[in-house]
Amino acid sequence: MNIKVGISISLSGNYSVQGIESFEGLKLWVKHINNRRGIFVEDSNKPHLVELMHYDDQSTVELCRANTEKLILKDKVDILLGPYSSSLALAACEVAQEHDMTLWNHGGSTDEIEERNFSCVINAITPASHYSYGIIDCVRKADPQAKRVAIFSASNSGFSSRIANAAKAYSEQKGFDVREFKFISGSAEFKIYLAKLVGYNADLILSVARAEDDIAIAKWLSSNNINTKARAFVAASIKLFKDELGNNAQGALSSSQWERGVQIKPDIGPTPREFYTSFLKEYGKAPDYVAAQGYNIGLVLEKCIECAKTLEDKALRQTAKSLEFDTFYGKFKTDSKGNQIGHKMVVVQWQNSQKVIVHPQAIAQAQIVYPLI
């Protein structure tokens, strides 16, 4: 009997770039597991191969809901994984809650998942509200006299709004004046703020919208020669940002859930370097953090099955809440509700066409380039 692992994933639509890479990471874990003859399950006293079942949700909430329900009711999967994107992950959580089945969330970082108090979700990633903290700390450390932060966010995105709200509060706590610029995701509304942005003279411009919005804003800032001492974008942590911006990506900061330069000795699975090398060999490209998230959730499942000694859904859920261990992705530890509290993000910056870790200092590969002007 195989272990049936099911996922609704965006292989087309707005989230397909990250969805495909997340799925590639997951598929690589399945390949590695099955090459080792599967996962040993003690209560059946034998190893089980992993069978990966998936449906393309086309980056839509409606299809994600339908796919998740199909995986639970028709396919009767043993393990249910969440999709990429906060809005889709939230929809999958709602379906999983209705059927009291654990959803292993590796691709949705919105704090709303925690705020809704789902009883069936295990979160493996740092929540959105923490995305800006390291960036703000970096700027404050580099420039104790910095005064102003401009925050661009999409008002119709829960993910974006939660990062923005936390960034505003944390910036003010660190002594910054904050001005917010809100727009509708997918539109060019942010362009109406040109005069106000120039007049504000921000020390840090921080864009915390969806990937396509961040890229559009970055291009707009460059084309209008808007100077600032620091600029940061959520999307700057992925290769697509550099591909789209080219040399204009230089100096851009971002927070990242994972980078290959992280120094860690994992308790299970490959080292960061080994994961990077195997992914590069398999797909002919370097992995972004979303690929790491896909592979990492497999390692989390592997560890939980090993410790729970069973595939029983609720037993795995409770086991996950009791464990603390390290993978190449970082620390895994949740609170009693399944919310991730162990994993820490890093801050990266594009320098000389390379993405390097600049925070925290203990694992930094380079010093932050500041000011940019």
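1. The crossing of helices α1 and α11 is right-handed. In this predicted model, the axes of α1, residues 16–35, and α11, residues 289–308, come within 6 Å and cross at roughly 40°. On the α1 side, the contact is made by Gln18, Glu21, Ser22, Gly25, Leu26, Leu28, Trp29, His32 and Ile33. Helix α11 contributes Val290, Ala291, Gly294, Tyr295, Ile297, Gly298, Leu299 and Glu302. Sorted by class, the residues of this contact are nine nonpolar, six polar and two charged.

2. An open sheet of five strands, paired in parallel, runs in the order β4-β1-β5-β6-β7. Strands β4 (50–56) and β7 (121–123) stand at the edges; each has a single partner strand, so one side of each is left without a neighbour in the sheet. From one strand to the next, the twist averages 25°.

3. Within the sheet, β5 (residues 79–81) and β6 (residues 103–105) pair in the parallel sense over two bridges. Leu81 has Trp104 of β6 as its bridge partner. Helix α1 packs on the sheet, where it touches β1 (3–9), β4 and β5. The direction of α1 makes about 165° with that of β4.

4. The largest pocket holds about 510 Å³ of space. Its lining comprises 33 residues, and those nearest the centre are Tyr15, Tyr84, Ser85, Phe159 and Arg210. At least two lining residues come from each of α1, α3 (86–98), α6 (158–173), α8 (211–223) and α11. Helix α8 gives the largest share, four residues. By class, the lining of the largest pocket has 15 nonpolar, 14 polar and four charged residues. The reader may note that α1 and α11, whose axes cross, both supply residues to this lining.

5. The second largest pocket has a volume of about 400 Å³. It is lined by 19 residues, with Glu259, Arg260, Ala286, Gln354 and Lys355 nearest its centre. Helix α9 (239–245) and strand β16 (354–359) each supply at least two residues of this lining. Which element provides the largest share of the lining of the second largest pocket? That element is β16, with four residues. The lining of the second largest pocket divides into eight nonpolar, four polar and seven charged residues.

Conventions: Residues numbered from 1 in each chain as written. Predicted model: local features only at pLDDT ≥ 70, side-chain atom pairs only at ≥ 80, totals over all residues. Heavy atoms only, no water. Axes fitted to C-alpha atoms, helices over the stretch in contact; angles between N-to-C directions. Left-handed = near helix turned anticlockwise from the far one by under 90°. Contact = heavy atoms within 4.5 Å. Nonpolar A, V, L, I, M, F, W, Y, C, P; charged D, E, K, R; others polar. 1 Å grid on protein atoms, 1.4 Å probe; cavity = no way out; pocket = protein on both sides within 12 Å on 5 of 7 lines; lining within 4 Å. Points joined across faces, edges and corners; volume = space filled by probe spheres on them. Pairing = 2+ DSSP bridges.
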